[in-house]
Amino acid sequence: MEKKNKSTEQSRLRAFLTGDRFKALLPLIGFVIIILVMHIMTNGKILTPKKLRLLFSQIYYPTIVATGVFFIMTLGSIDFTEGSTLGVASIVVSALSFYSIPLAILGGILTGAAIGALNGFFHVKFRLPSFIVTICTMYLFRGVCAYFTTETAVPASNAIKALDQDWLKITITLAVLAVAFFLFKFTRIGNDVKAVGSGETAARFSGVRTGRVKFLAFVGAGALTGLAAFVNVIKVGSITSTAGNQLETQILISLVLGGLPITGGAKVRFTNIIVGTLMYAVLNSGLSILGYEPQVQQLIKGVVFLIFVALTIDRKALKVIK
Amino acid sequence: MDKKTLLVAEHIDKRFGITHAVNDVSLTIAAGEIRGLIGENGSGKSTFCQMLCGIYTIGGGTFKLDGKELHIRNQVDANNAGIAIIVQEMGTLSGLTVAENIYLGHEEPFMHMGVKDSRAMNREAQKLLDSYGFGRIKAGVMIDHYNFEDRKLIEIVKATYMKPKILVIDETTTALSQNGRLELYKIMDAVREDGRTVIFISHDLSEVLAHTDTVSVLRDGEYIDTVESSQVTEDDLKRLMVGREIGSAYYRTDYGTPVSDEVMLSVQQVTVPGELDGISFELHKGEILGFGGLSECGMHEVGKAVFGASWDREGTVKLADGTEINDIPTAISHSIAYASKDRDNESIILNESIRNNIVLPSIDDLANHGLLSGRKLTRFADEQAKNMQTKMQNVGQFVSDLSGGNKQKVVLARWLGKGSDILVLDSPTRGIDVKVKQAIYALMAELRTRGKGIIMISEEIPELLGMADRILIMKDGKINGEFIRDPALSEEDLIAKMV
């Protein structure tokens with residue numbers, strides 16, 4: 001009898017360790033571990049107010065971009081265009097900033113939305129997998145970006161640079177998170193996006209206009225990247241050909257670190273965005289405080305990413321990314 | 001019993017999380033016996049066999065074959081021990097030839113210094129196919145050229161050519177037509193003649209009684225009894241499976257009740273290339289309209305066409321108020337419901353909770369000025385799931401954990417919750433056990449008296465005869481016969497119009 005109890009206890013522990021609840025906690029546990037490790041390795045340098053301020057200054061525009069991509073990844077799709085979209089939209093914002101700031105913001109958002117619409121159109125109308133479409137358009141818009149920045153960097157107006165203040169960037173980021181949270185949690189949009197991610201055919205047979213949902217997600221994510229371009233421009237002041245370089249991988253890594261299942265669907269949580277971008281920022285600044293070369297940093301990030309995907313992926317739901 | 005004992009199962013046990021799927025099951029099976037294994041959905045019969053065949057790991061207890069304990073960790077171990085299984089789902093691999101499928105994992109005899117001799121393999125495979133009487137299937141052809149039924153036959157060859165000591169047939173007949181079934185029964189008899197053993201799992205009790213020597217019954221994961229097939233009736237088996245008396249009222253019993261003249265839905269000249277050819281019919285208020293035919297006759301496409309889900313449809317589907325149905329969202333918002341034959345892909349989202357599956361079609365009705373309240377959605381789903389007596393822990397549970405019957409209850413719960421007036425039910429009791437079947441028939445009869453219109457597409461003729469007010473038989477994408485509900489109507493009458 002006693003033996004039986006022990007074995008059920010063991011199997012319960014195993015069930016917990018392989019269960020969904022534990023998987024949902026993994027990102028938080030990882031977050032704490034990464035902070036602790038970085039804290040110890042840097043002898044506490046990472047948690048000084050100055051470093052924290054620097055750390056936060058790095059996460060505003062990635063958070064805005066990640067919020068849009070969150071919806072795409074919930075669909076079970078993927079987007080590789082964030083970096084190039086940010087680059088092109090930043091050029092537009094900079095150029096328009098000499099005429100009017102509101103016009104610059106609007107121009108950035110519309111540029112991003114247009115690129116998103118192009119992705120969505122090819123993904124939905126021609127039924128191409130999103131990773132194929134967005135890898136192609138990534139190439140295309142990297143080219144556009146390079147074309148405008150080959151001679152010299154594109155400068156922005158002094159008026160827009162004067163806006164480089166923390167309160168503004170914090171307000172924009174929080175507003176984006178709040179609106180997205182509302183849409184995800186309290187409107188049909190969040191429901192539809194999750195349904196498509198969990199089972200597209202059944203969602204279609206349940207009355208979800210799956211094509212429209214997917215198209216809108218890409219347009220929305222593009223528009224948010226366009227808005228992020230504005231935040232980027234007020235920080236950096238002039239746009240070079242490397243603007244937004246590798247942003248797409250940063251966002252992908254952030255969201256997966258935050259616990260977003262790479263297959264999307266029912267198990268996504270809105271907090272994945274926040275936990276993920278913070279984790280990435282801590283990892284990033286910790287590694288640079290430690291004085292690693294950028295190449296080594298990239299290597300370490302790649303390893304951490306692999307380990308996380310292996311631990312958190314839902315093998316039952318696994319299928320090809322749409 | 002004078003026969004030699006072949007398989008002994010002792011205290012077999014299996015848990016999935018908190019579900020006790022198989023609870024201390026012990027039984028023995030003789031050599032040269034066809035043993036039926038029955039039980040409702042979730043009774044543990046498939047899980048039991050899948051442990052024997054190495055698909056699941058054994059949770060507890062032992063299997064002994066010929067007196068020796070089996071140590072099975074995977075399907076290859078099971079195969080080597082002489083145990084083979086034919087499963088419910090597709091068990092062949094696309095992109096390979098018929099021969100490559102048959103010899104998958106056993107290619108050694110055809111390997112010469114690491115190079116495969118395809119011609120020898122095809123020749124041997126063709127001999128096998130011919131010996132089974134499936135000569136029309138060609139060994140060298142890609143398996144994708146054959147339809148579901150032929151692929152099932154190929155799977156049967158694959159599972160039996162090595163002459164396993166135990167052949168497990170898990171719910172295979174639901175995928176087969178009458179001809180395919182006859183082929184399968186012949187093979188089962190041949191295995192018995194050879195002194196080997198078949199374990200036969202099926203929901204079709206008349207089939208079980210006709211083709212087995214003995215039947216073992218499981219209920220809620222526990223072993224109940226083993227009986228001689230010749231000594232019992234279907235009702236005896238039902239009683240053992242359910243644990244109580246099943247009423248005789250299985251189908252509806254009324255005849256001659258008039259159906260209203262009011263037309264709810266009219267379908268005119270609907271054509272879907274390759275599927276439907278100029279179909280026209282009307283559905284009346286309070287009518288159960290049955291569609292029957294052979295599996296390729298196009299009747300399943302009728303459901304999709306009415307629901308606005310066909311990709312390439314001509315002709316019109318019109319409601320009484322003149323609304324034309326051309327897409328799914330319009331169909332749903334105009335009170336049409338659809339339960340697909342392909343339940344797991346088209347009717348429900350497996351990797352989603354019961355709650356979200358139930359609320360999905362009703363989401364706009366439940367929103368308040370576009371705003372959703374999580375508590376309200378949960379309450380709605382909970383109410384609907386409980387109305388259907390869905391067996392679950394709570395509505396947060398994922399649908400993938402449920403048995404076939406309970407999944408179908410979730411499907412029905414969502415449409416009843418939506419309050420749909422026209423229900424298109426394609427194969428509503430496919431792969432579902434007696435108790436849930438009875439509940440579904442009772443529900444359909446009740447919905448009918450409440451004035452709902454039901455289109456019931458079914459491959460089971462008794463179900464059509466038992467439930468429908470009117471039956472349309474299809475052949476080659478056209479309507480080939482119409483029958484009005486009548487106790488004198490026989491299966492032969494319908495079959496005559498199908499072939």
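I started with the domains: the centres of domain 1 and domain 2 of chain B, taken over C-alpha atoms, are 32 Å apart. Domain 1 of chain B covers 5–242 and domain 2 covers 263–498, with bounds from an automatic or database domain assignment.

Before going on, I noted that this is a predicted model, where local features need pLDDT of at least 70, side-chain atom pairs count only at pLDDT 80 or more, and totals for chains, interfaces and linings use all residues. Residues are numbered from 1 along each chain as its sequence is written, while chains are lettered from A and ligands numbered from 1 in the order in which they are written.

**Chain B overall**

I looked up the radius of gyration, taken over C-alpha atoms, against the globule rule of 2.2 Å times the number of residues to the power 0.38. For 499 residues a compact globule would come near 23 Å, and chain B, at 24 Å, agrees. The C-alpha box along the principal axes is roughly 70 × 50 × 45 Å for chain B.

Of the 499 residues in chain B, 46% are buried (20 or more other C-beta atoms within 10 Å of a residue's own, C-beta atoms placed from the backbone). Among contacts in chain B with a separation of 6 or more, 68% are between residues 24 or more positions apart.

I see 18 helices and 21 strands in chain B; these are DSSP runs, helices H or I of at least four residues and strands E of at least two, numbered from the N terminus.

**One sheet**

In chain B, four strands make an open antiparallel sheet, ordered β2-β1-β4-β5. Since β2 (19–30) and β5 (68–69) of chain B are the edges with a single partner strand each, one side of each has no neighbour in the sheet. Strands pair if DSSP finds at least two bridges between them; I get eight between β1 (residues 5–16) and β2 of chain B. K14(B) sits opposite V22(B) in β2(B).

**Against chain A**

Here 25 residues of chain B meet 19 residues of chain A. α10 (328–333), α11 (343–347) and α13 (363–366) of chain B each give at least two residues to the chain B side. That side has 14 nonpolar, eight polar and three charged residues.

Methods: A residue is buried if 20 or more other C-beta atoms lie within 10 Å of its own, exposed if 12 or fewer, and partly exposed in between; C-beta atoms are placed from the backbone. Two residues are in contact if their C-beta atoms, placed from the backbone, lie within 7 Å. Ala, Val, Leu, Ile, Met, Phe, Trp, Tyr, Cys and Pro count as nonpolar, Asp, Glu, Lys and Arg as charged, and the others, Gly among them, as polar.
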